[in-house]
Amino acid sequence: MFEMLQYGFLQNAFLAGIMIAVVAPVIGVYLVLRRQSLMADTLSHVSLAGVAIGALIGTYPMVTAMIAALLGAVLVDTLRRSFKAYSELSIAILMSGGLASAVVLMSFNKGASRGFTSYLFGSIIAVSTTDLLIMAGVVLLCGLFFWFFWRPMYVLTFDEETAQVSGVPARTLSLAFSLLAGLVVAVAMPIVGVLLVSSLMILPAAISMRISRGFTMTVWVAVLTGLFAVLGGLTASYQLDIPPGGTIVLLLLVVLVVVLIVKRLFSLGAASVGTDANVLRSKTVEER
């Protein structure tokens, strides 16, 4: 198994996967709790338009994807506040706009269709040294953000109005979080692909929320789940010669199903024990 790590492209893929698996689930937990699960999907579609622009003008695609994701994050935050009663409208508007722009821009550069495929579905050989350096910068930025704003973000996530009353700069912090989410989506594209990048954020959070108690534990379990899925998915992708993005997401879905089944069995077992205890208690009362 470790023989595959002698290849440079696999070393890059695993390093990139580990970095993404550490930050993406943390962002995902906040997105789920803020009821913005589809925001990652929206930003990934906008990022795809950025990739298309980069390929069209001959610029490094990840850089243009990051710029597009940042602009998308600002628009999502702005539109969310404009449609407070229907905040999901901002998601739908930008998702369709981003995808439509990407499709039109791609049609101008038909020779780059193969490169687009690696961004759509992820590729184990798509991660370059430059990508790694950019990812490391984004991971460092995320680490600093959550180091300094962990507590304010916690308050903001559960009650924005209380956060504002408490003196938390809710609007600025919310915008900064959206920008970070956009950056993580953009740098995760070579590994998981645009169409599946949101799964690496949301599925670990969903799994963790079913088995964890407390916010901090939820974040840690989500990160460990993401690491397990990325490392396992990349290994299986190399061994079976299948796309890494789909493999990672399918692995996460299997884990989610197993967790739900085990959780259900535990609930049934606990209910059965409770029923037996009640019956025994009733018999004891009758005997007395």
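Helices, and strands where they occur, are DSSP runs numbered from the N terminus, a helix needing at least four residues. On that basis the protein chain of this predicted model reads, along its sequence, as α-α-α-α-α-α-α-α-α-α-α, with 11 helices and 0 strands. Of the 288 residues in the chain, 47% are buried, and among contacts between residues at least 6 apart in sequence, 77% join residues at least 24 apart.

**Confidence**

- The protein chain has a mean pLDDT of 82, and 88% of its residues reach 70 or more.
- Confidence is highest in helix H10, at a mean of 90, and lowest in helix H5 (residues 113–121), where the mean is 67.

**Helix H10 and the residue that follows**

- Helix H10, which covers residues 215–240 and so has 26 residues by the record of its run, reaches 37 Å from its first C-alpha to its last, close to the 38 Å expected at 1.5 Å a residue.
- Just after H10, Asp241 takes a positive phi of about 55°, and this residue is found in the loop between H10 and helix H11 (244–287).
- Asp241 has a relative accessible area of 70%, and because exposed means over 50%, Asp241 counts as exposed.

- Most residues other than glycine have a negative phi.
- Arg35, although not a glycine, has a positive phi of about 55°, and Arg35 lies in the loop between helix H1 (8–33) and helix H2 (39–57).
- The relative accessibility of Arg35 is 75%, which is why Arg35 counts as exposed.

**The second largest pocket**

- The second largest pocket holds about 260 Å³ of space, and the elements that give two or more residues to its lining are H1, helix H6 (129–158) and H10.
- The lining of this pocket is made up of Val22, Val23, Val26, Cys142, Gly143, Phe146, Trp150, Thr216, Val219, Trp220 and Val223.
- By class, the residues of this lining divide into 9 nonpolar and 2 polar, with no charged residue.

Terms used: Residues numbered from 1 in each chain as written. Predicted model: local features only at pLDDT ≥ 70, side-chain atom pairs only at ≥ 80, totals over all residues. Heavy atoms only, no water. Expected span 1.5 Å × (residues − 1). Buried < 20%, exposed > 50% of the residue type's maximum accessible area, 1.4 Å probe, protein only. 1 Å grid on protein atoms, 1.4 Å probe; cavity = no way out; pocket = protein on both sides within 12 Å on 5 of 7 lines; lining within 4 Å. Points joined across faces, edges and corners; volume = space filled by probe spheres on them. Nonpolar A, V, L, I, M, F, W, Y, C, P; charged D, E, K, R; others polar. pLDDT = per-residue confidence, 0-100. Contact = heavy atoms within 4.5 Å.
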